[in-house]
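Subject: Structure handover

Hi,

Here is the structure for you to look through. My notes follow below it.

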Amino acid sequence: MQVDVRQTSLGEADAALVAIGLCEGGSLPAEIAGAPGAPDAKGSFKTLTRLYPGGPERLLVVGLGAQEELDAEKLRIAAALVAAEAGKLEASSLAWALPDFEDEAAATEALVTGTILGSYRFDRFKGSGGEEDEEPKTPLESLSVLGPEELAGAAETARVYSEAANRARDLQETPANFARPEDLARRAEEIAAATDAVTVEILDGDAIRAKGMGGLAAVSQGGPVDPRLIVLRYAGGGEGPTLGFVGKGVTFDTGGIVLKPGAGMQEMKFDMSGAAAVLEATAAIAELGLPIDLITVVPATENMPSGTAIKPGDVITQYNGTTVEVNNTDAEGRLILADALAYAIELGAERVIDMATLTGAVLIALGSTYAAVVANDDELARELSAAGEETGELVWRLPLHPEYKAMMKGTVADLSNLAKKREAGTITAASFLEEFVDDTPWAHIDIAGTAWDVGRPYTGKGGSGYGVRLLVQLVRDLAA
Ligand code: BES
Ligand code: MN
Ligand code: ZN
């Protein structure tokens with residue numbers, strides 16, 4: 001989407017649709033206060049009122065609720081509601097009058113974010129069949145924020161990370177027969193090709209096995225699709241330690257020999273949401289030129305059942321030499337992340353964040369509102385919480401404890417990939433991962449509840465792109 005900031009009056013906005021926020025008890029600008037319908041406009045949050053002042057433009061008043069309760073999340077939601085209206089009206093251009101809010105840069109970012117995320121559609125597989133009533137609608141192509149021109153930088157930053165989030169949603173939505181490990185690798189190659197500051201390295205199945213990445217090798221052995229271990233390195237400089245991102249890239253999770261039930265299994269195309277988030281966050285961080293060194297590692301594979309698949313009870317050796325009893329083939333994410341975490345640290349990551357659709361248990365604990373963060377480092381956990389509050393991609397910390405760790409001990413091997421009890425499933429999974437990071441500051445983010453069907457107005461159903469904006473914000477905060 002084309003995004004700019006201009007200091008013009010409503011009358012000169014030159015857009016097919018002009019949006020104005022109205023707080024409870026507030027009043028509309030004098031130049032439109034006399035338009036037909038204006039007295040009926042309401043400030044209650046999310047109420048939309050269309051006005052027809054008589055020019056070619058249409059005006060939309062959006063209720064923002066109480067002025068003292070206005071925040072960035074409300075503005076993202078309001079912007080998404082406007083984007084939906086723009087879709088219905090087939091408006092290709094939109095102007096947003098900057099509402100009265102103490103932090104104008106934050107308000108600008110929120111409007112741009114809500115508009116770009118809110119107008120996202122995944123229509124790659126729709127519409128070429130020639131159905132008359134399926135005619136493609138005019139998409140929203142441009143957004144102007146009406147405000148001081150020094151906000152142009154904030155608008156551009158938000159455009160970059162919001163479009164990155166939408167690209168992550170494309171990867172999420174793409175079905176598993178089109179989004180295979182090699183396709184994620186190809187996307188990583190594109191990200192590296194876009195800038196000299198990013199380099200890429202890709203290991204195929206033979207290289208993965210030769211390196212002794214026993215977890216990734218084991219999960220992939222059930223199917224014919226060759227796995228990939230993807231590494232992106234971004235050299236942005238800066239003073240701080242090298243950051244590591246690791247993302248779970250299971251392009252389809254059948255459960256393996258411990259096959260999942262058929263109902264809802266199609267959702268398991270989303271089991272690469274962590275990979276999508278870290279890849280596109282890396283792309284956005286590089287595009288913004290943020291001053292940090294970053295290593296991003298994605299283990300990518302399908303998890304399939306077959307005569308060659310890993311079986312319950314099989315013992316594997318992970319990249320760092322730890323042996324693991326695979327007591328449940330559906331707990332595959334931790335096996336591939338274990339190799340990837342150890343590898344990222346070996347490559348030089350000094351603080352590591354992994355993101356994964358790891359456990360159904362996190363949905364029971366936190367629903368789709370918060371992702372769970374489990375960390376061995378208080379500072380990193382705090383920084384993630386702060387970035388979550390800023391972006392609306394919320395995280396809530398769950399604890400580590402030696403008692404959880406004890407639940408992951410193996411009978412015949414060092415560890416089991418299945419806890420002795422079902423309770424605290426999100427934490428026991430994280431406790432397993434903790435065995436592979438030694439003393440490196442590390443945070444694990446379980447996004448199984450937040451990666452799709454979140455239901456917020458700016459993400460709706462389907463892939464949410466969760467994590468891209470969170471990780472970009474974390475790096476912006478670190479660099480500030
Ligand atoms: N990919 C799933 C987790 C998941 C479940 C994500 C539901 C989104 C929605 C993961 O690989 C898995 O199967 N986890 C198991 C672990 C269990 C066998 C210990 C789970 O959560 O049931
Ligand atoms: Mn699984
Ligand atoms: Zn999985």
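Start with the ligand. An oxygen atom of ligand 1 sits 2.9 Å from an N or O atom in the side chain of Lys-260. That is a polar contact, meaning a pair of N or O atoms within 3.5 Å. Asp-271 brings a polar side-chain atom to 2.9 Å from a nitrogen atom of ligand 1. Gly-360 uses its backbone: an N or O atom there is 2.7 Å from a ligand oxygen. The protein covers 79% of the 510 Å² of accessible area that ligand 1 has on its own (Shrake-Rupley method, 1.4 Å probe).

This is a predicted model: local features need pLDDT of at least 70, side-chain atom pairs count only at pLDDT 80 or more, and totals for chains, interfaces and linings use all residues. Residues are numbered from 1 along each chain as written, chains are lettered from A and ligands numbered from 1 in written order, and side-chain values use heavy atoms, without hydrogens or water.

Next, helix α11, residues 378-391. Helices here are DSSP runs of H or I, at least four residues; strands are E runs of at least two, and both are numbered from the N terminus. Leu-380, Ala-381, Leu-384, Ala-387, Gly-388 and Thr-391 are buried in α11 (under 20% relative accessible area; exposed is over 50%). They lie on the same side of α11 because they cover an arc of only 125° around the axis, taken from the directions from the helix axis to the C-beta atoms. The face turned away carries exposed Arg-382 and Glu-389. Gly-392 follows α11, with a positive phi near 85°.

Best wishes

Terms used:
Expected span 1.5 Å × (residues − 1). Buried < 20%, exposed > 50% of the residue type's maximum accessible area, 1.4 Å probe, protein only. Polar contact = N/O pair within 3.5 Å; in protein donor to acceptor, adjacent residues only side chain to side chain.
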